[in-house]
Amino acid sequence: YEDKLVENAIAQILEQIYEPKFYNESFGFRPNRNCHQAVREIIEMVQYRKTNYVVEADIRGFFDNVDHEWLMKMLSHDIADRRFLEIIEKFLKAGIMEDGKFLDSERGTPQGNGASPILANIYLHYVLDNWFDVIVKRQCKGECYLIRYCDDFVCCFQNPYEAQIFRQRLEERFRKYGLELAEEKTKILEFRRFARQNRKARGERKPDTFDFLGFTFYCGMDGKKQFFRCRVKTSKKKYRSKIKAMKEWIKIHRTMPLEQIFKTVNAKLRGHYQYYGVTDNIKEVKNFLVQTKWLLFKWLNRRSQKRSYTKEAFFNGLLRTFPLLEPSIRVSLFYR
């Protein structure tokens, strides 16, 4: 408890110091900012500004590879209180207990530490955000943008050769600060207003997609007016993991009273709708509800050796007694 109190106090102090310094492009673990705002900002960059190419990048094991020496240099650049810096350094080097064994933590931010998110933001503020704003933007002839949510980030470029140069320099920049790009998850893709027509004319497949914060971004068209739209949907990876988690919960708790089962499932559905119930994603959210119904039908029929429900009794009987929450659009991803 004492550690947690000190960690939270450190986080509050650091927040007061660095919140005015952080860039607007950073959305992770900051007051009054959330994932939907970051997603909305990417749509704004692609749909209404001069974005032609997107650099999708991923940092390999970021929280495990933060360099303590560099982090302390960054902190000492803005903080003069040596005692405060010493407390932070002690937390960084405190080590962890794993299976009863003590392990030194020479790199990375401690897992579960209340100050870890703000420390991670400070590290990437200097390593990425400030470098992008001061160096990359000034050297680019075309427009370029960065959106970051903690260690996840996407960069948008007007010119293809500048995207290529940035990709090379980014690897060098990260190597300097002890970080590494995940090669298999880092790519440059054509993502713009006329990407579909251009790729079709070249005999290529439809434009590639990229994932960010659990959503897949793809080039679409408005059905009525036939103009370009940057659309999003639940990423396949996240969709599968959510379905698996729902299945495991129902399977383990299928012997609970029905009222309690449906109450908890509705709470899980509500949480899913609140995050994934965004503009253009209603189809995927409805699919999640359909899959949940079939999982309930399957596992509630295995409460005993005898089959409990027919399809008619379940879908037209039990689901009327204990209705599941219907999906809806909870968040608009367009500026008003």
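Visitor: What makes strands β4 and β5 a pair?
Guide: Two strands pair if DSSP finds at least two bridges between them. β4 (residues 144-149) and β5 share six bridges, in the antiparallel sense, so they meet that definition. The strands themselves are DSSP E runs of at least two residues, while helices are H or I runs of at least four, both numbered from the N terminus.

Before we go on, this is a predicted model: local features need pLDDT of at least 70, side-chain atom pairs count only at pLDDT 80 or more, and totals for chains, interfaces and linings use all residues. Residues are numbered from 1 along each chain as its sequence is written, and side-chain values use heavy atoms, leaving out hydrogens and water.

Visitor: How many residues lie between β4 and β5 in their hairpin?
Guide: Two, and Cys-150 in that turn has a positive phi of about 55°.

Visitor: Why is β5 called largely enclosed?
Guide: Buried means under 20% relative accessible area (exposed is over 50%, partly exposed in between; 1.4 Å probe, protein chains only). Five of the six residues of β5 (residues 152-157) are buried, so the rest of the structure largely encloses this strand. Across the whole protein chain of 336 residues, 47% count as buried.

Visitor: What makes β7 and β9 edge strands?
Guide: They belong to an open sheet of three strands, ordered β7-β8-β9 with antiparallel pairing. β7 (210-212) and β9 (228-234) each pair on one side only. β7 is joined to β8 (residues 215-221) by three bridges, with Phe-212 opposite Phe-215.

Visitor: What does "nonpolar core" mean, and which residues have the most contacts inside the largest one?
Guide: A nonpolar core is a set of buried Ala, Val, Leu, Ile, Met, Phe, Trp, Tyr and Cys residues joined through side-chain atoms within 4.5 Å. The largest has 103 residues, and Leu-14, Leu-75, Phe-157 and Phe-217 have the most contacts inside it. Helix α5 (residues 116-139) gives the most to this core, twelve residues.

Visitor: Which residues does Leu-75 touch?
Guide: Contact means heavy atoms within 4.5 Å. Leaving aside residues up to four places away in sequence, Leu-75 touches Leu-14, Tyr-18, Leu-85, Ile-88, Leu-119 and Ile-122.
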